[in-house]
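My plan is to go from the overall fold to single residues.

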Amino acid sequence: MARSSGHKFCLIFGVIALLHAAYSAAQHRAYLRITEQEFTSLPLDILIQGIVSLFMTMYGIMQIAGEFKEIRATVELESKSWETVRNLPSFYTFNHRGKALSPDYIPPHRREAAS
């Protein structure tokens, strides 16, 4: 129980620190606009705070989420034959520009003129 609350604290602290880094970055940009200085980069302390808080937030989320399940594509593919693996009906296209390469193709404007 104490372990879970520690991870929740890490998550909450990370999110708050991430929001604070974002607010500090916006405040820094506003300061540069007021003083008419050119923006080159964020100060190092804001960058470090943003990166550390991002990793704290990711760590907290991963620990709270629990065990991840292994992604095994082979389980689904074992039941299929080689012929059905390459069958992708969502990629079937029947009306495409390649038909213009056919020697029997007649463009629509010529079909209407021929009638």
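The entries below record what I looked up, in order.

**Entry 1: overall fold.** I note at the start that this is a predicted model. I looked up the secondary structure and found five helices and zero strands. Read along the sequence, the pattern is α-α-α-α-α. I then asked what share of the 115 residues is buried. Buried residues make up 13% of them.

**Entry 2: the annotated segment.** I checked the UniProt record, an unreviewed entry, and it lists residues 42-62 as "transmembrane region". I compared that range with the model. Residues 42-62 are 90% helix and 0% strand.

**Entry 3: the aromatic pair.** I searched for ring pairs and got one aromatic pair in the structure. Is it stacked or edge-to-face? The rings of Phe9 and Phe13 have centres 6.0 Å apart and planes at 20°, so I log the pair as stacked. The cut-off I needed here is that planes under 30 degrees apart count as stacked. Both residues lie in helix 1, which spans residues 2-34. Phe9 and Phe13 are four residues apart, about one turn of the helix. I also looked up their accessibility. Phe9 is exposed, at 58% relative accessibility. Phe13 is partly exposed, with a relative accessible area of 43%.

**Entry 4: a charge over a ring.** I looked at Phe39 next and found Arg29 over the face of its ring. The distance of Arg29 from the ring centre is 4.2 Å.

**Entry 5: the loop between helix 1 and helix 2.** I looked up Glu36, which is placed in this loop. Its phi is positive, about 55°, although Glu36 is not a glycine. Is Glu36 buried or exposed? Glu36 has 74% relative accessibility, so I count it as exposed.

**Entry 6: a nonpolar patch.** I checked the surface for nonpolar groups. Leu44, Leu47, Ile48 and Val52 form a nonpolar patch there. Together they have about 360 Å² of accessible area. Of these, I followed up Val52, which lies in helix 2, residues 44-65. Val52 is partly exposed, at 44% relative accessibility.

- Ala17 and Val52 are 35 residues apart along the chain, and their C-alpha atoms are separated by 8.7 Å. Ala17 lies in helix 1. With a relative accessible area of 13%, Ala17 is buried. The cut-off used is under 20%.
- Tyr23 and Ile46 are 23 residues apart along the chain, with 9.7 Å between their C-alpha atoms. Tyr23 lies in helix 1. I count Tyr23 as exposed, at 54% relative accessibility.
- Gly6 and Ile64 are 58 residues apart along the chain, and I read 9.8 Å between their C-alpha atoms. Gly6 is placed in helix 1. Gly6 is partly exposed, at 36% relative accessibility.

**Entry 7: recap.** I close with two items from this page. The fold has five helices and zero strands. The aromatic pair, Phe9 with Phe13, is stacked.

How values were computed:
Residues numbered from 1 in each chain as written. Predicted model: local features only at pLDDT ≥ 70, side-chain atom pairs only at ≥ 80, totals over all residues. Heavy atoms only, no water. UniProt positions renumbered as here; feature names shortened; annotations may be inferred. Helix = DSSP H or I, 4+ residues; strand = E, 2+ residues; numbered from the N terminus. Phe/Tyr/Trp six-rings, centres within 6.5 Å; stacked < 30°, edge-to-face > 60°. Buried < 20%, exposed > 50% of the residue type's maximum accessible area, 1.4 Å probe, protein only. Lys NZ or Arg CZ within 6 Å of the ring centre and 35° of its normal. Patch = residues over 30% accessible without salt bridge, like charges linked within 9 Å, V, L, I, M, F, W, Y side chains within 5 Å. Areas by Shrake-Rupley, 256 points an atom, 1.4 Å probe, with all protein chains shown as cover. Salt bridge = Lys/Arg side-chain N within 4 Å of Asp/Glu carboxyl O.
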